[in-house]
Amino acid sequence: MLGPVILAASRSDRMRRLISAAPVTKQVVDRFIPGETVDDIVPIVEELTARGLELTMDVVGEDITTPEQAAAARDAYLALIDRLEELELGERVEMSVKLSMFGQALDGGHELALANVRPVVEAAAAIGTTVTLDAEDHTTLDSMFAIHEELRKDFPQTGCVIQAYLFRTEADARRLAESGSRVRLVKGAYKEPAEVAYQQKHEIDKAYVRILRTLMEGEGYPMIGSHDPRLISIAQELARKAGRKLDEYEFQMLYGIRGDEHLRLAAEGHRMRVYTAYGTDWYGYFMRRLAEKPANLRFFARSMLTRG
């Protein structure tokens, strides 16, 4: 399986230098990360919202080693919120944040991450939108869920992400469904050991459906993070059986993948949100997109061969 190999490469400084230096890389990266600054991304936001889509914005970057870098990440999100307020798009665009960017892995990281993310959540609420806490590797999840619970005391719309390939997630889903929170369900894109996660695709898919049923039958707001046509059809059927209206759940897909499907679902009346990343520290995000789907890797390899 190439996925674990690619995920290992995402943490390799040598591979980072090699891939970043390839002349064709930026052309391919642009498919998934359409800009480096807020100014770059504004036309994308305006275009997608004009076509009936919603967005969740991710300022990419995870290798935070100092409190100053964590504060800079916070400020980057605050600048994004300021721009969304100017565009009057707060109700159409939310934010996705990785707590590692806010200092979670540093000394005193739990408290530091909470202190940095809170003003972002406050500012998002002030313009009519919200924040979703992205899931990272399994060692960070207890901290993420604790921060999520703390933020929801004042901002109950704060969302979180759960990953179907982890054994713990079915229990997490039951707890979150009962609490009425916003929950994005994804398959998972980190290299996790067999002691904590399913390793085979069919096992992950089965777990995804079980967890999605729990969310659909619960009191929360499910967000289906998948490009898999079969899982999308299953999600629609589970929503119908649970008696959910079209505005009581949503689909989420990555920018640059299955764009026609984004528009099809929106045209059918579904809430369709496009996960759109931007920033200069794109490497880790890009490599996980390659690991998630063989077609992404084939696209990159073909581009390297034909343009390099």
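## Two packed helices

Axes are lines fitted to C-alpha atoms, for helices over the stretch in contact, and angles run from 0 to 180 degrees between N-to-C directions. In this predicted model, helix α4, which covers residues 38–50, packs with helix α5, residues 67–87, at an angle of about 40°, and their axes are 11 Å apart. Angles under 35 degrees count as roughly parallel and 65 to 115 as roughly perpendicular, and α4 and α5 are therefore oblique to each other. Their crossing is right-handed.

On the side of α4, the residues that take part in the contact are Val38, Asp39, Val42, Val45 and Glu46, and they meet Leu80, Arg83, Leu84 and Leu87 in α5. Sorted by kind, the residues of this contact comprise six nonpolar and three charged ones, with no polar residue.

Strands of a sheet pair through backbone hydrogen bonds, either parallel or antiparallel. Here eight strands close into a barrel in the order β1-β2-β3-β4-β5-β6-β7-β8, and the pairing is parallel. On average, neighbouring strands of this sheet are turned by 30° against each other, with direction ignored.

One of these pairings joins strand β7, residues 250–254, to strand β8, residues 271–278, in the parallel sense over five bridges. Met253 stands opposite Val274 in β8.

## Helices lying across strands

Helix α6, formed by residues 109–126, lies across β2 (93–97) and β3 (131–133), and runs at about 145° to β3. Strand β3 also has helix α7 across it: this helix, residues 141–152, lies across β3 and β4 (159–163), running at about 155° to β4.

Definitions and conventions. Residues are numbered from 1 along each chain as its sequence is written. This is a predicted model: local features need pLDDT of at least 70, side-chain atom pairs count only at pLDDT 80 or more; totals for chains, interfaces and linings use all residues. Side-chain values use heavy atoms; hydrogens and water are left out. Helices (H or I, at least four residues) and strands (E, at least two) are DSSP runs, numbered from the N terminus. Angles under 35 degrees count as roughly parallel, over 145 as roughly antiparallel, 65 to 115 as roughly perpendicular and the rest as oblique. A crossing is left-handed if the near helix is turned anticlockwise from the far one by less than a right angle, and right-handed if clockwise. Contact means heavy atoms within 4.5 Å. Ala, Val, Leu, Ile, Met, Phe, Trp, Tyr, Cys and Pro count as nonpolar, Asp, Glu, Lys and Arg as charged, and the others, Gly among them, as polar. Two strands pair if DSSP finds at least two bridges between them.
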